[in-house]
Amino acid sequence: MSTTAHLNLPMIAAAQSQKHVTHNEALALLDVVVQLSVISNSVTNPPADPAEGARYIVPAGAAGDFAGHENQIAAFSAGAWVFLTPGTGWATWIESAETMQVYSAGTWGSFSSVAGLGTDPGTGGLAFQQEKTVLSETDHGAQSQFVTIEEELNLAGSSVQSSVVIPNRAIVFCVSSRTVEAVTGVWQYHVGISGEPEKFGGYMGIAEGANNAGVIGPQPFYSDSPVVITAHGDTGSFSGGKIRIALHYLLPVTPQS
């Protein structure tokens, strides 16, 4: 059976018998995806008694009928769950969170934003994640972007420098941090930049879960600047542990034409 290019709606064939079956199937699919609104994007187990037409985005780690359908749209139709794979640019209202999300690069993210993932060249594992929201844009490509980018750092030696940087001309509001694996070898650590080791927080806790939002008065940076995690303690050197940092900044983009 032929289907349409974008929504995979079944098409009625020439001289087909029971044309109403194919027609009704296409209408049912349209009813699911047009003006899309889902109840939640965080329900991992299907509700026991869903209402006809109930729709969800299946999150990671889902179980039961939702298992194996991560990021798909689950719709309860005619007494059974139907799963639809979204295409790039599909948008939906998340009722539980009262926010819009858009599907891009294989995942759902904030509306009017661009998400990016980076990998560690040594291990191939996820090293950083970026979320960029365009606050405003002109016809010639000038933009005001708000960017949040995070990276997980393995600690060793007297200091560790991030591979993600505060970019030239960014206006920085905060660099936040979290101890995701207990730090060993020192008593505390500092979060800063070269020449200002405590700029975003000094004497941070080394226990797993310790965290800090290192807010500053909005400050422009005039060169690419990595974040530096500095050891503090009697040895002056990290022997282990992991820290996740997040950079929070406004970035102006000049007109592109």
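In this predicted model, Lys242 is partly exposed, with a relative accessible area of 26%. Its side chain meets that of Glu152 in a salt bridge, with an N to O distance of 3.9 Å. In total, the count of salt bridges comes to three.

- Glu152 is partly exposed, its relative accessible area being 33%.
- Glu152 also forms a salt bridge with Arg244, where the closest N and O atoms are 2.7 Å apart.
- Arg244 counts as partly exposed, at 30% relative accessibility.

**Salt bridge between Lys199 and Glu196**

- The side chains of Lys199 and Glu196 meet in a salt bridge, at 3.4 Å from N to O.
- Lys199 has a relative accessible area of 18% and is therefore buried, the limit being under 20%.
- Glu196 counts as partly exposed, at 37% relative accessibility.
- Through salt bridges that share partners, Glu152, Lys242 and Arg244 are joined into one network.

- Ala51 is placed in the loop between strand E1 (37-38) and strand E2 (55-57).
- The relative accessible area of Ala51 is 51%, so this residue is exposed, the limit being over 50%.
- A distance of 8.8 Å separates the C-alpha atoms of Ala51 and Ser77, which are 26 residues apart along the chain.

Notes. Residues are numbered from 1 along each chain as its sequence is written. This is a predicted model: local features need pLDDT of at least 70, side-chain atom pairs count only at pLDDT 80 or more; totals for chains, interfaces and linings use all residues. Side-chain values use heavy atoms; hydrogens and water are left out. Helices (H or I, at least four residues) and strands (E, at least two) are DSSP runs, numbered from the N terminus. Buried means under 20% relative accessible area, exposed over 50%, partly exposed in between (1.4 Å probe, protein chains only). A salt bridge is a side-chain nitrogen of Lys or Arg within 4 Å of a carboxyl oxygen of Asp or Glu.
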